[in-house]
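Here is a short briefing on a structure. It covers chain contacts first, then two local sites.

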Amino acid sequence: MPRTIIPFGPQHPVLPEPVHLDLVVEDEKVLEARPSIGFIHRGLEKLVEKKDYVEFVYIAERICGICSFIHGQTYCQAIETIMNVAVPPRALYLRTIWGELSRIHSHLLWLGLMADAMGFESLFMHSWRVRERVLKIIERTTGGRVIFGTCKIGGVRRDISGDALKQMLADLKQIEKDARDITRVFLNDSSVKDRLCGVGVLPRQEAYDLGCVGPMLRASGVVQDMRQLGYAAFKDLDFAPITRTDGDSYARCAVRCEELFQSMDIIRQAAMKIPEGEIAVKVAGNPNGEVLTRTEQPRGEVAYCLKANGSKNLQRFRVRTPTFANLPAMLKLLPGCELADVPVLVLTIDPCISCTER
Amino acid sequence: MTPLPQDQSVEPIPVSALLEKVDALRKQGYRLVQISATRLPDGLELTYSFALEGRLAQFRLHLPDDNPRVPSISSIYWCAFLYENEMHDLFGLAVEGMAVDFKGTFYNTAIKFPFGSTKAPVAKPATTTATSASSAPAPTPPPGSTTATAT
Amino acid sequence: MAYFTMTSLALKWALSRPVTSRYPFEPRRALPGSRGTLMFARDTCVYCTVCAKKCPTGALAVNRAQKKWTIDRLLCITCGYCVEACPKKSLSLGTAHDVPTVTKDRECF
């Protein structure tokens with residue numbers, strides 16, 4: 001059978017962002033996948049020379065639209081570690097609440113895209129309908145639907161009043177009901193199971209060796225979640241990472257579905273325990289030193305390496321995003337699959353290419 | 001829940017010691033977190049970070065500016081080939097023996113390294129408040145090479 | 001293994017009110033606190049140029065000698081940094097969206 005090379009991307013209906021894969025195919029079976037990226041490379045790491053470290057929060061937030069808040073939060077956290085700033089506890093709780101809201105919206109977005117990858121358009125639309133309610137909460141509390149703009153070095157810029165928190169919790173009840181409806185379809189429907197079960201099985205040791213992070217790793221049975229490091233308010237909150245042992249696409253979908261409800265639970269805990277107090281401290285001076293901060297984005301562990309030398313601009317700003325760490329797993333999973341499984345496998349790592357390429 | 005400790009120390013090592021140190025970490029079960037390159041006025045600085053359940057181990061290498069070469073660790077950690085291809089495409093670092101070598105086509109930019117200037121961009125030592133964008137006078141903004149402003 | 005699990009969901013939502021608003025048939029109701037557009041109160045401004053220095057995108061330009069305050073609406077990201085920086089509190093973020101334009105002008109006050 002002669003081999004053909006089929007280009008997948010950069011424009012493809014299932015891809016949220018452009019990535020290019022050259023698939024070497026022999027009669028519907030993929031033999032090899034060669035990636036090439038760079039379509040959305042904006043050189044954000046080089047911008048650190050032009051924008052000072054205070055303004056850079058806005059750039060860090062705009063690395064990606066889906067995981068935007070946690071990028072901003074991690075950047076602020078890294079600078080606060082270098083400069084030894086003690087962030088007030090109320091700000092930490094607020095950051096946690098917004099971070100978990102960001103995770104809920106990101107997982108709902110992913111669920112919709114996964115349904116779209118399988119061709120299940122109506123489920124895609126329903127997932128995004130549930131996401132609309134989350135975006136309304138976010139807009140009401142932060143001012144923007146996608147880019148929150150609330151993190152700053154030393155704390156947060158906006159407060160959520162007690163009434164707004166109560167309204168948020170009431171909205172979350174409705175969101176939980178809707179989310180249970182759609183996750184019931186995802187986890188039980190026969191056509192969804194046909195497309196997801198047994199596709200892209202990643203054994204436990206291989207997932208760990210390939211450097212996978214986030215739900216990819218947890219669905220293969222490794223208990224690892226950067227929220228265990230106890231940043232922001234997580235040291236006071238009670239949660240355990242969700243894992244599955246099968247390691248196939250269905251397990252990854254199930255982990256993300258369950259993380260939706262876990263995030264809602266974390267928000268409820270944080271809303272009950274949130275202390276009164278100020279929301280930011282004043283920060284003066286320039287950072288000097290270096291740090292490696294890791295937090296848990298919806299897609300996995302993000303590592304921020306910042307290096308500062310006492311001037312207004314940082315010397316180096318390096319982001320290692322979770323999709324970059326999951327790409328080797330995708331390249332290992334693709335050979336041997338059917339051509340129709342390619343969209344499912346590309347989406348199962350939850351690709352956020354604008355994060356990967358900054 | 002109690003937070004896990006994160007030790008931030010970075011160990012500077014010579015290029016020759018890289019492979020055996022990385023192998024020792026692999027045997028203890030560490031996983032690769034990231035590999036990054038920073039362009040300093042006196043050369044290229046590489047940082048390798050590994051982690052095991054909250055414990056971090058970081059190595060630092062310093063390479064000269066002309067013809068920087070480093071051996072690939074993708075024989076030990078297969079996933080490192082992506083980081084090494086990225087460093088090759090954006091910083092011009094020659095990595096020997098990558099498991100999957102894209103030969104410069106990983107980052108599919110129209111202009112390849114060094115992105116418009118005749119030699120590799122090097123940061124001019126700047127004053128504390130200056131933000132000299134010292135590299136690449138090309139009309140299209142350089143896609144990725146990160147230069148450092150140093151005092 | 002369940003079959004046709006979508007049926008109940010699809011029927012329920014076919015008969016209920018949608019979550020999104022039916023713009024443009026309904027007017028857009030902005031949520032309070034949403035960051036729509038930057039509003040400038042000319043009377044209280046002293047042209048200190050702090051807002052222009054703090055603006056991350058360079059959308060603001062203030063001329064102290066000629067007492068001119070201009071904004072490029074297309075560059076403004078409504079981050080609110082200038083609102084926090086203004087010592088005379090002449091700037092505020094309103095909830096209405098910016099009006100679409102066909103030319104790239106600066107708005108002068």
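## Chain contacts and local sites

Of the 2 pairs of chains in contact, chains A and B share the most contacts. The model is predicted. The points below cover the chain pairs, then a helix and a strand residue of chain A.

**Between chains**

- The contact between chains C and A draws on 17 residues from chain C and 22 residues from chain A.
- On chain C, the side that touches chain A consists of 11 nonpolar, 5 polar and 1 charged residues.
- Chain B and chain C have no contact. Their closest C-alpha atoms are 15 Å apart.

**Helix α2 of chain A**

- Helix α2 of chain A covers residues 68-83, 16 residues in total.
- From first C-alpha to last, helix α2 of chain A reaches 23 Å, close to the 22 Å expected at 1.5 Å a residue.
- Because 15 of the 16 residues of α2(A) are buried, the helix is largely enclosed by the rest of the structure.

**Glu290(A)**

- Glu290(A) sits in strand β6 of chain A, which spans residues 288-297.
- Why does Glu290(A) count as buried? Because 22 other C-beta atoms lie within 10 Å, and the cut-off for buried is 20 or more.
- Beyond its neighbours within four places in sequence, Glu290(A) is in contact with Leu306(A), Lys307(A) and Ala308(A).
- Thr81(A) is 209 residues from Glu290(A) along the chain, yet their C-alpha atoms are separated by 9.0 Å.

Terms used: Residues are numbered from 1 along each chain as its sequence is written. Chains are lettered from A and ligands numbered from 1 in the order in which they are written. This is a predicted model: local features need pLDDT of at least 70, side-chain atom pairs count only at pLDDT 80 or more; totals for chains, interfaces and linings use all residues. Two residues are in contact if their C-beta atoms, placed from the backbone, lie within 7 Å. Ala, Val, Leu, Ile, Met, Phe, Trp, Tyr, Cys and Pro count as nonpolar, Asp, Glu, Lys and Arg as charged, and the others, Gly among them, as polar. Helices (H or I, at least four residues) and strands (E, at least two) are DSSP runs, numbered from the N terminus. The expected span of a helix is 1.5 Å times one less than its number of residues. A residue is buried if 20 or more other C-beta atoms lie within 10 Å of its own, exposed if 12 or fewer, and partly exposed in between; C-beta atoms are placed from the backbone.
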